[in-house]
Every structure is written in C-alpha cells, then in structure tokens.
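My entries follow the structure.

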Amino acid sequence: MSPTMQVVCPHCQAVNRIPAERLPDGPQCGRCKRPLIDGQPLAVDTTAFERHLANDTRPLVVDFWAPWCAPCRSMAPTFEAAAAELAPEVRLMKVNTEEAQALAARYNIRSIPTLIAFRDGREVARISGAMDASRLVAWVRANT
C-alpha cells in the first residue's frame, strides 16, 4: 500500500487524498473536478495560505512579494518556470504583501522578494532577494 498525500485544490480549496505515486498522473479534485496540479505558482490570500499550510502534505515554497517591487516583478517568470519544474512534488505560492500585510508581519518579512520553504506546516528555510532559475530550483530542492 503506497503512502497517501493530501493535496489542497488550487481552485476550490478542498483537501484531496491522493496516492503518492499518482501525483504525476494529473489527478483531479474530488469536489470541483479541476486539475489539482497545474505547474503554476498559486496566488493566495491569508485564508488560502492557511488552508494549504495546514492541509497540503507536500512542501510549500512561498514568494512574499509586492507589485511595486521591481526585483519581485523581474523574478516572477523565474518563479513560474520553477513551479513547472518542481510540480507535482512541491507547491509554489505567491503572497502579495500589500494585500496580506498581517501575514507578512507574522512571518517578519522585512525585504522582498523573500522566499520561505515550509514542511509539515513549519518554516524550514528562508532567503531574500531575486535569483535566477537554476539557483531558485537548487535552493528549493536543497530545502524541501
């Protein structure tokens, strides 16, 4: 019997149980029937962030950013490419610090972009500053 993963739907936020070996097969949400894994970074508000952090058993990497931040905007395509490369094993998410100020304060975000890696709901690594795709993917793999 293979281990089961919990995957939060990026569309309806339902928690789905999926056999680990089926993650690469393009599983669909049991509630909304949309794809659970799309290889795109997921923009989340505080509520969705909390739901993923508490329920998704995959490692999560969160980009804390702001629309006015030039390094954040320049790193966005890199973050998208990393999401495609790291799916389905890792979920990449984006938190707009202008819209989720309390969340940014709770995680003591002092400079942006800041990436935080979470495993089992706990912060395991953090790095600030824009980076290229190979460095980003290497950092995620080393820390998740």
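**Ground rules.** I am reading a predicted model, where local features need pLDDT of at least 70, side-chain atom pairs count only at pLDDT 80 or more, and totals for chains, interfaces and linings use all residues. Residues are numbered from 1 along each chain as its sequence is written, and side-chain values use heavy atoms, without hydrogens and water.

**The sheet.** I looked up the strand order. An open sheet of 5 strands runs β3-β5-β4-β6-β7, with mixed pairing. Strands are DSSP runs of E, at least two residues; helices are runs of H or I, at least four; both are numbered from the N terminus. Two strands pair if DSSP finds at least two bridges between them. β3 (42–43) and β7 (122–128) each have a single partner strand, so one side of each lacks a neighbour in the sheet.

I then checked one pair. β4 (residues 60–65) and β5 (residues 91–96) run parallel, joined by 6 bridges. Trp65 stands opposite Asn96 in β5.

**Helix α2.** Helix α2 (residues 70–86) lies across β4, β5 and β6 (114–119). Its angle to β5 is about 155 degrees. Such angles run from 0 to 180 degrees between N-to-C directions, with axes fitted to C-alpha atoms, for helices over the stretch in contact (heavy atoms within 4.5 Å).

**Helix α4.** Which residues of α4 are buried? I found Leu136, Val137, Trp139 and Val140. Buried means under 20% relative accessible area, exposed over 50%, partly exposed in between (1.4 Å probe, protein chains only). The buried residues of α4 fall within an arc of 160 degrees (taken from directions from the helix axis to C-beta atoms), so they line one face. On the other side, Ser134 and Ala142 are exposed. The cover over the buried residues of α4 includes β4, α2, β6 and β7.
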